Each structure stands twice: as C-alpha cells, then as structure tokens.
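Biologist: Can you show me the model and take me through it? I would like to begin with the salt bridges.

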Amino acid sequence: MKTSWRSASLVASAAAVLALTTACGQDSPPAASQNVGATAAPGDYGNIGSGTAGAAGTATGQPAAPSASSPSNPAGKLSVSTAEKVGKVVTDSLGLTLYRFDQDTEQPPKSNCDGDCAKTWPPVPADDAEAGEGIDKALLGSVTRADGTKQLTVGGWPAYRYAKDVNAGDVKGQGVGGKWYALAPDGKKAQGGAGAGAGGGEAVQAGLSTRNDPKLGEIVVDKNGMTVYRFKKDEAWPKPVSNCSGACLEKWPLVEPVDFADTKGIQKKGYMIFDRTDGKGKQQTINCSPIYTFAGDKAPGDTNGQGVGGTWYAVRPDGKLVGASE
C-alpha cells in the first residue's frame, strides 16, 4: 500500500507540474535572437530617456531627426508602411506618414492649404522625392504652390505631413476635421477610423494590440499606443512574479488587467493576470510574463525603453522579448 500511495503521489505531482507548464511554460526554449535595442548604461531600472530613442529618432545623445513641421524637410525615397487601423500608407524617408486634404483638387492638382494651415500641415517638397518599393513612380508629380515652391503630388493629390506626427509610424492626422487622410499608395484615402481633431472622432484602440515598428518589428502596445515591455528579472514559471517594485514601478508602470476580448493580435496561451505581493493589485501578463510601460516614452510610437539596463525589452505578440534571448 505504501508503494501504491507513493506512486499515486508522484503521478499527481507530475500532473500538477504538467498543468503549470501548459499554462505558464513555453513549448520549447526560444531561439536566441539578435539584440535589436541598444544597451543602456548599467542599472536594472534604467533612467528615463535611456535606451533607444523613438522610432524616428536615434540613441540618446545623438541628434534627433528633423521635425516633421519643418517645411524644408526633403521627402527622399518614399515607401509603403502598414498602419494599425488605417492600412497601407505612403511614408517619406524618415518613416513619417504623408496626407491629403479633401479641399484640394487632383485634376488639375491644386493646394488649398496655406498660411496657418501649412504650419500644421507642412507641404512635402517635390524636388528630391523618388519612388521606393511599393510606389508607382508614374503617380508622382508636383504642383506649384501660391508661394512658387513645388509640392509633391501622389496620384494628383498634393502631399503633406502632420506637425503632430513626431515618430515614424505615427498617423495622428488620420481623419482630422473629417478632411485629412493618410495617402494610400495609389493616391486615394487610406482606409480606417478617424483620428483626433475637430469634427473627427478618435478611433477606438484595443486594450492591448500590436504595432509594426520600423526598427523592432511587430510589438505589443497598450490602448494609448504606448509600447509594452518586459523585465528580464521577472519570473513566468511556474507562476508570474514581478521583481519591479517601489521606485522601479515609478519608471515602469505596470499594465493593469485587460480582458482578452479587448485585445487584438495577442497570443491567448498564458494570457493571465496575477496578484502582486507589494499591494499594488493585479497585473497583466502575456505568456505569463508581467508587462509594463515606460515613463520615458512620451508619445505613441516611442521605444525609449528598449534595451535599458540590458534588462528591459519590448514584447512580441507571443510574449517573447524583442532583441534578447530569454
């Protein structure tokens, strides 16, 4: 009877471990990957502003990319990007989205955005614009503005940037005033919800979803479009444990629970919440790993937390780290 009891006990223990492995473990060890983010100065928590800069920027301490609002910004080689909830859009050499204005005309091309309008929506110069991958060069042209400068046209429509787009991949101008829309590669309006602005309601974003970052690839973002991160010193198996508390949480705010029905593109396996041991309530996980945002990210699209301290990394939709081995 003792042998039978021990055997039954061992079987039960093995079953419990197997259940935990299925819930919070991984099917197989993740393959090592190239470090995408620059490593910041030593330190587990990192300093706000450390790590890599926003998607359109460079590492901290390096000159930032020219502002989108600069009227002298060259367009360079145009390309096609896929924006969340908007679809395929034309971007310039910095990855900034190009827009069209409903009050303009395409035949013949004419811009009706001058003065203060052109400060908010800087016209894209035509001089050095060239077609990159996904762009039909036959659709590129120019129109002479009232001040004599040449403005780029796509499919006959004058092209603009939006002053509030500060990072590659931003599409904050989509639907503003019900008259401004991102340019699709064929010169038509990019499809998608309206953006913030007078007369345009803001598109509703899922509690957690994904964004295609120009440098990091597909990463998880929260309902505000802010990048989501993981801390390498946390634990996921056999149960989630956060090793970021106190001052750490001030720099890396925890992601509160998000119903899985309010997610888009996130892996369901291991999607769970857990009770923190420091009295800060419940925290969301992806593949059982606790997730956070970064106080040093000031706008949607920023990835300033990537690589901070060699311990903080953006998150893939399956919960794996971006640019670091587990």
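Biologist: How many salt bridges does the count come to?

Modeller: The count comes to nine salt bridges, where a salt bridge is a side-chain nitrogen of Lys or Arg within 4 Å of a carboxyl oxygen of Asp or Glu. This is a predicted model, so local features need pLDDT of at least 70 and side-chain atom pairs count only at pLDDT 80 or more, while totals for chains, interfaces and linings use all residues. Residues are numbered from 1 along each chain as its sequence is written, and side-chain values use heavy atoms, with hydrogens and water left out.

Biologist: Which side chain meets Arg145 in a salt bridge?

Modeller: Asp114 does, at 2.9 Å from N to O. The pair links distant parts of the chain, 31 residues apart: Arg145 is in the loop between E7 and E8, and Asp114 is in the loop between strand E5 (109–110) and helix H2 (116–120). Helices (H or I, at least four residues) and strands (E, at least two) are DSSP runs, numbered from the N terminus.

Biologist: Is Arg145 buried or exposed?

Modeller: Arg145 is buried, with a relative accessible area of 9%. Asp114 is partly exposed at 39%. Buried means under 20% relative accessible area, exposed over 50%, and partly exposed in between (1.4 Å probe, protein chains only).

Biologist: What about Asp213, which side chain does it meet?

Modeller: Asp213 meets Arg211 in a salt bridge of 2.8 Å, N to O. Asp213 is buried at 2% relative accessibility, and Arg211 is buried at 14%.

Biologist: Back to E7 and E8. How many bridges join them?

Modeller: Five bridges join E7 (residues 140–144) to E8 (residues 150–154), and the two run antiparallel. Two strands pair if DSSP finds at least two bridges between them. Gly141 has Thr153 in E8 as its bridge partner. The two strands form a hairpin with five residues between them, and Gly148 in the turn has a positive phi of about 90°.

Biologist: New topic. In what order do the strands of the three-stranded open sheet come?

Modeller: The order is E14-E15-E16, with antiparallel pairing. E14 (273–275) and E16 (289–290) stand at the edges with a single partner strand each, so one side of each has no neighbour in the sheet.

Biologist: How is E14 joined to E15?

Modeller: Three bridges join E14 to E15 (residues 282–286). Phe274 stands opposite Gln283 in E15. Lys282 and Asp275 also meet through their side chains in a salt bridge, 2.6 Å from N to O. Lys282 is partly exposed at 40% relative accessibility, whereas Asp275 is exposed at 52%.
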